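Please open the structure in your viewer and keep the sequence panel beside it.

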Amino acid sequence: MARTASYVCQSCGATSSKWSGRCDSCGAWNTIVEETPISAGPAKKSLGAARGTGMTLLDLDAEEAPPPRTHSGLDELDRVLGGGLVPGSAILVGGDPGIGKSTLLLQAAATFAKNGLPVIYVSGEESSAQVRLRASRLGLGGAPVQLAAETNLRNILTTLKEERPGLAIIDSIQTMWADNVESAPGSVGQVRAAAHELTSFAKRHNVAIVLVGHVTKEGQIAGPRVVEHMVDTVLYFEGERGHAFRILRAVKNRFGAADEIGVFEMTGGGLTEVANPSALFLGEREAPSAGSAVFAGVEGSRPVLCEIQALVAPTPHSQPRRSTVGWDGGRLNMILAVLEARCGIPFSGLDVYLNVAGGLRVREPAADLAVAVALLSAREDVSLPPQSVVFGEIALSGRLRPAGQTENRLKEAAKLGFQSAIVPEHSAAVGDHGLELKRFPDLATLVGDMFGAG
C-alpha cells in the first residue's frame, strides 16, 4: 500500500490532509510541513489475521516492592523528583534558552556519578570539549561522567545498550535525528519519533533518561504535546534573567507530587540550593510601603512567602495599561472588575502595574486577596499593617474563600517573624501558630475596615 503524505504544523503538531499557509489549530503562519509517515499500517486487512505472542497479565493486588530511588545529593532536585530518581523513568526538562538547564543537569550528573550511578551525558548542541570546559568551570572536572557529542539516534541507542548506564541525559531532544523519519531535525515528526524511541528504551532496559526540551515564546515545550504524555515527569526550569533565583517546577510526575518546586540560586560557580525560599524572596524586602503585600503561598507541599508589589498611577493615554510580571494578567483584570462592581472602587483612568518580587511565578488562586490588598494600598497610598501576611481567594460575588493548607502558611509566616494574617472568615486555622488572625467575610468589608473606602 502506498504511503500517503500528511501535513503537520511544526508549532502545535496538528495534522491536516492538505497544505495551507496558516494552521487552523494554533493560528501560526508558515509552520505546516509535509511529512511522510513511517508506516502506512499492516499489510493484512485485519490486525487479528496474524496472532501475537500474548501479554503478561498480573493481578492488581500482587505485592511488589516500590521502585528503588537513587538520591542525587541535591535535596532540591530530589524533592521535585518525588524523593529521588526512579530507574526506568523518562524525564523531560524544559526552560528558556540560557536559563541554566544544561548547568543543572551537568551538576546533577556529577553528583549522581559520585554516588555510584553510571551516567552518560549526550550533547547534541555542544562538543565534548565545550561540555568539559563548563564542567571545569563548575569544579566538576573529576566527576566520573561519560561524555558524547552525537545527534544520530541510532548511534545513541546502540551505545546506551552496550554501556547500560543508570542515567542518560540527552541535551536536547530537538537536535536528535532518526534516520527512518524523512524530515529535518527539530521537526514534529523527528521529535515525536526520538522521544518515543528513548522512552521505550528507558522502560525496556530500566535506564533513567532525562530529555532536555526547548520552549516556545509562549513558554511551552516546543514540539508535539504527545511528548509530554509519553514521559513520566515534566519539569520546567523557570527564572527571570535579571534575578539570580531559579525554580525547578514539576508540572507532571508519575512518581511524586506535581507542582512541587526546588529553588536554586545562580552563582559564578554554578547553581546552589536554597533551603529556605521564603527568607530568600523576602530578604531584599524594604520597609513596609504603599502597594506592598506579603503573600503566604504554597508551592506543591512547601509554603513559600513572597512580596507582591503594585503601582497605580494616572494615565496620560485613553486606554489604561495593565501590566503584570509573575502573575496571570487575566486574573488581574477580574480582580479589578470585582473591586469596581462590588466595592465601588474604579480603576478607569489609572495605569496598573503588578509584580511578584524575586522572579517567582504565582499560579494559585489564593493570591487573589494579596493582589487586591496591594492594589488598594497603592491606590489609596496607605501602607498595610507591618509584619502581616495575606492570602485568600476572591469570588466574582466579592466573597472571600478560604485557601488550602492554611495551617502550613501560618506556621511559615510565624517562623519568619510575622505577627498577624489577613484571611477569609471561614479559614480553618488550628494549632499554635502564634499569629493574630484578621478575618473578613467579603472584599467590601475588608475595604471599609482597612482603607475606609468603598
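Is arginine 331 buried, partly exposed or exposed, and what is its relative accessibility? Arginine 331 counts as partly exposed, because its relative accessibility is 23%, where buried means under 20% relative accessible area, exposed means over 50%, and partly exposed lies in between (1.4 Å probe, protein chains only).

Before going further, note that this is a predicted model, in which local features need pLDDT of at least 70 and side-chain atom pairs count only at pLDDT 80 or more, while totals for chains, interfaces and linings use all residues. Residues are numbered from 1 along each chain as its sequence is written, and side-chain values use heavy atoms, with hydrogens and water left out.

**The whole chain**

Begin with the complete protein chain, whose C-alpha trace spans about 75 × 55 × 50 Å along its principal axes. Colouring by secondary structure brings out 11 helices and 21 strands, which are DSSP runs numbered from the N terminus (helices H or I, at least four residues; strands E, at least two). Of the 454 residues in the protein chain, 48% are buried. Among the contacts (heavy atoms within 4.5 Å) with a separation of 6 or more, 65% join residues 24 or more positions apart.

**Domain 2 against domain 3**

Next, colour the chain by domain: domain 1 covers 1-34, domain 2 covers 75-275 and domain 3 covers 284-451, with bounds that come from an automatic or database domain assignment. The centres of domain 2 and domain 3, taken over C-alpha atoms, are separated by 36 Å. Where these two domains meet, 15 residues of domain 2 are in contact with 10 residues of domain 3. About 1,100 Å² is buried between domain 2 and domain 3, and carbon and sulfur atoms give 42% of that area; buried area here is the accessible area (1.4 Å probe) that two parts lose on being put together, summed over both. In domain 2, select Glu240, Arg249 and Ile261, which lose the most area to domain 3 and together make up 36% of what that side buries.

Then look for charged pairs across the interface of domain 2 and domain 3, where the rule finds 3 salt bridges, each being a side-chain nitrogen of Lys or Arg within 4 Å of a carboxyl oxygen of Asp or Glu. On the side of domain 2 that touches domain 3, the elements giving two or more residues are α1 (75-81), β10 (245-253) and β11 (261-267). Of these, β10 provides the largest share, 3 residues.

**Salt bridges elsewhere on the tour**

Side chains of opposite charge can pair when their charged atoms come close. A search of the whole structure finds 14 salt bridges. Select arginine 302 and glutamate 76, a pair whose closest N and O atoms are 3.0 Å apart. Then select Glu238, Arg249, Glu299 and Arg363, which are linked in a network of salt bridges.

Return now to arginine 331, which forms a salt bridge with glutamate 393, the closest N and O atoms being 3.9 Å apart. Arginine 331 lies in helix α8 (residues 329-343) and glutamate 393 in strand β18 (residues 393-394), so the pair ties together parts that are 62 residues apart in sequence. Glutamate 393 is also partly exposed, with a relative accessible area of 23%.

**Helix α10**

Move on to helix α10 (residues 406-415), in which Thr406, Glu407, Arg409, Leu410, Glu412 and Ala413 are buried. What covers these buried residues includes α7 (277-281), β13 (292-299), β14 (302-314), β17 (388-390), β20 (420-424) and β21 (436-440).

Arginine 409 lies in helix α10 and glutamate 364 in the loop between β16 (350-356) and α9 (368-380), so the pair ties together parts that are 45 residues apart in sequence. Both arginine 409 and glutamate 364 are buried.

A second pair to select is glutamate 412 with lysine 415, a salt bridge whose closest N and O atoms are 3.2 Å apart. Both residues lie in helix α10, 3 residues apart, about one turn of the helix. Glutamate 412 is buried, with a relative accessible area of 7%, whereas lysine 415 is exposed, with a relative accessible area of 59%.
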